[in-house]
Amino acid sequence: MLLFWKKPEVSLLSGNNVLSPPRARASSSLTVTMSSDGDEQTPAAPSPETELTVTIGATVPTGFEHTAAEEVKEKIGADARVSRDRGRIYFPVSTEKLFQVHRLRSVDNLFVVVKEYDQYHFKESKEETLTELQELASKLPWTNALEVWKLNRTLKKKKGHRKGGNATKAKPDSEVSDATEQEESAQERPAAEDAPDPEDTPDPEPAAADKLLKFRVTCNRAGDKHSFSSNEAARDFGGAVQEFFQWKADMTKFDIEVLLNIHGEEMVVGIALTEESLHRRNISHFGPTTLRSTLCYGMLRLCKLQASDVILDPMCGTGAIPLEGAIEFNSSFYIAGDNNDMAVNRTFNNICHIQKRRAEKGSSPGLPVDTVRWDLCRLPVRTGSVDVIVTDMPFGKRMGSRKKNWDLYPSCLREMARVCRPGSGKAVLLTQDKKCFSKAISRMGGLWKKLHTVWVNVGGLHAGVYLLKRTAGVFGQTPEDVHESPGRVYKQTDEKEDD
Ligand SMILES: C[S@@+](CC[C@H](N)C(=O)[O-])C[C@H]1O[C@@H](n2cnc3c(N)ncnc32)[C@H](O)[C@@H]1O
């Protein structure tokens, strides 16, 4: 919930120290540094040249927290802690590795932690709690988090303010939304390029020091035992932050977004380091059900891809899965197919967009991915020639129907089993139509073995990511192969392409 309060505007702080609150108050609260675990310590705050270690918080696709923690360990060497609050992880990072944090593929939004409370004892009465939140603003160890925020700005390319606000869209009283971009139409929009490229020369950032900072507070609250709403918390805490720092509140064109994440008794105050979710990074041509790149990454990681694997996304939509694979796991080759012309065109455009972007940066534009129009139930692919299938199946909600899935799912599981390499082939399939999927897979025991299921949240829907292994059974010699009549294949004929 966004901060929304009205206060008279305050006078500007002159000089180049607008990140610091007025001196009188600074003595009591800002002569501290923060250790990696967030404890307050003396002595004085470090200069920007000093290397800091801070705690970074990241929102990740729910269900893939441990995958994200693995990636952090692998790429940054830090041990991440999975929050009780699903969809978040925390890890320590020194400022010299800050740019690497933006290059993680499994994280949606990043923030630097100002202070964490494992068990914050919220008062019973609303008034008391809100007063306490107001008082808290001046007591928090802001210094290091603000230094990191400042450094983060210099790392990023200057992008100016985004239309309609800078940051995470939060739902009232909810976690940061884990939704796909279902609400986005097929309109073209620029892909996010938030992740700073270490090869880029950082822009100098003279403005940050000299201008009046604008800010907003966003409160994400979960739990039913609070006497206050997220709106009220954001409003009162935000008012106190404004008074303390003498910043100017601006709900849309803000420089700093202060986060107040409350989950039951856990409370984390942070400062956002991303202006928009990193999951938008690859896609410029969105479709009705474009999957978050972060979720695609999690699905691809589940497959433990090997060099020179041939990977198929037979229902690729806008190509989010194969595109993420071709960028991040680029020693495999990806084939992206769909039976809908619009989907194939979008995938093609998304591939071209990334290639163009790469060429402009002077890096090799080539991507190991191709796109084709096909019907999944009759793939023009040789039997046993594919190593891994990764796909996001129609849920039967936004287009098509659950009824059609009863035909589609068995047909596509059979055809996938045909093209997949017996004994070693794998499939990672996402669907929300769990009942239909479970029924279909239960009849395919000779061809597929279900290894693992990750439960995820896709646009507010509870869905399963199923990891299947292709049995050694030879296609054409198991009862399942002849179970379904090929004539009962679901074919899409209208304009609606996804669900
Ligand atoms: C849930 S969407 C995939 C969305 C995609 N992951 C993305 O990020 O855009 C399912 C896709 O399956 C495609 N589809 C449905 N039936 C199909 C079939 N028989 N053969 C090929 N594609 C099919 C639809 O056109 C749709 O694009």
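How many residues lie between strand 16 and strand 17 in the hairpin that they form? The hairpin has 2 residues between its strands, and Gly-459 in the turn has a positive phi of about 60°. The structure is a predicted model, in which local features need pLDDT of at least 70 and side-chain atom pairs count only at pLDDT 80 or more, while totals for chains, interfaces and linings use all residues. Residues are numbered from 1 along each chain as its sequence is written.

Helices (H or I, at least four residues) and strands (E, at least two) are DSSP runs, numbered from the N terminus. Strand 16 (residues 448-458) and strand 17 (residues 461-470) run antiparallel and are joined by 10 bridges; two strands pair if DSSP finds at least two bridges between them. Val-458 has Leu-461 in strand 17 as its bridge partner, and Lys-450 is bridged to Leu-468 of strand 17.

Axes are lines fitted to C-alpha atoms, for helices over the stretch in contact, and angles run from 0 to 180 degrees between N-to-C directions.

Another open sheet contains 8 strands in the order 4-5-3-6-10-9-7-8, again with mixed pairing. Strand 4 (81-82) and strand 8 (248-249) each have a single partner strand, so one side of each edge strand is left without a neighbour in the sheet. Within this sheet, strand 6 (residues 109-117) pairs with strand 10 (residues 266-272) in the antiparallel sense over 6 bridges, and Tyr-117 stands opposite Met-267 of strand 10. Helix 2 (residues 65-76) packs on the sheet and touches strand 3 (53-59), strand 4 and strand 5 (88-94), its direction making about 10° with that of strand 5. Contact between two residues requires that their C-beta atoms, placed from the backbone, lie within 7 Å. Helix 5 (residues 143-155) lies across strand 3, strand 6, strand 9 (256-263) and strand 10, and runs at about 170° to strand 6.

Helix 8 (residues 293-302) and helix 9 (residues 320-328) have axes that come within 9 Å and cross at roughly 70°. Helix 8 is therefore roughly perpendicular to helix 9, a class that covers angles of 65 to 115 degrees. In this contact Ser-293, Cys-296, Tyr-297, Met-299 and Leu-300 of helix 8 meet Ala-320, Ile-321, Glu-324, Gly-325 and Glu-328 of helix 9. The contact comprises 6 nonpolar, 2 polar and 2 charged residues. In this classification Ala, Val, Leu, Ile, Met, Phe, Trp, Tyr, Cys and Pro count as nonpolar, Asp, Glu, Lys and Arg as charged, and the others, Gly among them, as polar.

Helix 4 (residues 126-136) and helix 7 (residues 230-245) pack at an angle of about 35°, their axes being 7 Å apart. Leu-130, Leu-133 and Gln-134 of helix 4 meet Glu-232, Ala-233, Asp-236, Phe-237, Gly-239 and Ala-240 of helix 7. By class, 5 nonpolar, 2 polar and 2 charged residues make up this contact.

The ligand is surrounded by 25 residues, the closest being Met-315, Gly-317, Thr-318, Ala-320 and Leu-376; a residue is near a molecule if its C-beta atom, placed from the backbone, lies within 6 Å of it. This shell divides into 11 nonpolar, 8 polar and 6 charged residues.

Conventions
Angles under 35 degrees count as roughly parallel, over 145 as roughly antiparallel, 65 to 115 as roughly perpendicular and the rest as oblique.
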